[in-house]
Amino acid sequence: MGTIAVHEFIALDGVYQDPSWTFEYGFDPRMGETLAEITGSAKAILLGRRTYEMFAPAWSSRTAEDDPGAPFFNDTHKYVVGATEPNVDWGPSTRLGAYDPEAIRRLKDETDGVIYVSGSGTLVRGLLADGLVDDLHLFVYPVARGTGEHLFRDGVDPTKLRLKATDVYDNGVVHLDYGPA
């Protein structure tokens, strides 16, 4: 049975939307090592349709020489959650349709290893609400954005988590690895 590992870049106030604001902090090489550990045992990628559509042009033309993560993103099978068909192809991939927790449970049952999720805030909110996230890797940047889409929205049931590990990087980013409480 597989596990789901979510990776998010977020601000102190929980904003994850359009993480281009993270560029001013640089990318500490140790962050890359942490991400390589997270993706290293992944056998599949699970993405929301919008994130899939944003990642496809960004990753599909990259090679290992451009970015060591390119082979993982381009060669690993991607499962796409969304009510509508993605407007790009980025193989190998399978469309799962609209969010259905039972379909995600079946995917976990059929996957021997980690199912990696990046971004995909709407999908991640559903996964968290349905208790399907095994590892929530938050890379918290030392800034409060003030506006933007928040990972945790007002008006939802509390999400209780257990801290499993932490890392602090020279650029001020903190990695928090949470699991179910």
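Colleague: Before we start, what are the ground rules here?

Modeller: This is a predicted model, where local features need pLDDT of at least 70 and side-chain atom pairs count only at pLDDT 80 or more, while totals for chains, interfaces and linings use all residues. Residues are numbered from 1 along each chain as its sequence is written, and side-chain values use heavy atoms, with hydrogens and water left out.

Colleague: Fine. Which residues of helix 4 are buried?

Modeller: Ala103, Ile104, Leu107 and Lys108 are the buried residues of helix 4, which spans residues 101-110. Buried means under 20% relative accessible area, exposed over 50%, and partly exposed in between, with a 1.4 Å probe and protein chains only. Helices (H or I, at least four residues) and strands (E, at least two) are DSSP runs, numbered from the N terminus.

Colleague: And why do they line one face?

Modeller: Looking down the axis of helix 4, the buried residues fall within an arc of 145°, so they line one face of the helix. That arc is taken from the directions from the helix axis to the C-beta atoms. An α-helix has 3.6 residues a turn, so residues three or four places apart point the same way.

Colleague: Which residues are exposed on the other side?

Modeller: Asp109 and Glu110 are exposed there.

Colleague: What covers the buried residues of helix 4?

Modeller: The cover includes strand 1 (3-11), strand 2 (42-48), strand 3 (78-81), strand 4 (93-97), strand 5 (114-118) and helix 5 (121-129). Contact here means heavy atoms within 4.5 Å.

Colleague: What happens at the start of helix 4?

Modeller: A side-chain oxygen of Asp100 reaches to within 3.0 Å of the backbone nitrogen of Glu102. A polar contact is a pair of N or O atoms within 3.5 Å; within protein, one must be able to donate a hydrogen and the other to accept it, and residues adjacent in sequence count only if both atoms are side-chain atoms.

Colleague: Over to strand 2, then. How many of its residues are buried?

Modeller: 6 of the 7 are buried, so strand 2 is largely enclosed by the rest of the structure. Strand 2 runs parallel to strand 5, joined by 3 bridges, with Ala44 opposite Ile115. Strand 2 also pairs with strand 3 in the parallel sense over 4 bridges, and there Leu46 stands opposite Tyr79. For two strands to pair, DSSP must find at least two bridges between them.

Colleague: Now Thr22: buried or exposed?

Modeller: Thr22 counts as buried, at 6% relative accessibility. Thr22 is found in the loop between strand 1 and helix 1 (29-40). A polar atom of the Thr22 side chain lies 2.6 Å from the backbone oxygen of Pro19. Leaving aside neighbours within four places in sequence, Thr22 is in contact with Phe9 and Tyr141.

Colleague: Which rings form a cluster?

Modeller: Ring pairs link Phe9, Trp21, Tyr25, Phe139, Tyr141 and Tyr169 into a cluster. Rings of Phe, Tyr and Trp (its six-membered ring) pair if their centres lie within 6.5 Å; planes under 30 degrees apart count as stacked, over 60 as edge-to-face and the rest as tilted.

Colleague: How many aromatic pairs does that give?

Modeller: The count comes to 11 aromatic pairs. Among them, Phe72 and Tyr116 are edge-to-face, 5.5 Å centre to centre with 80° between the planes. This pair links helix 3 (residues 70-75) to strand 5, 44 residues apart.
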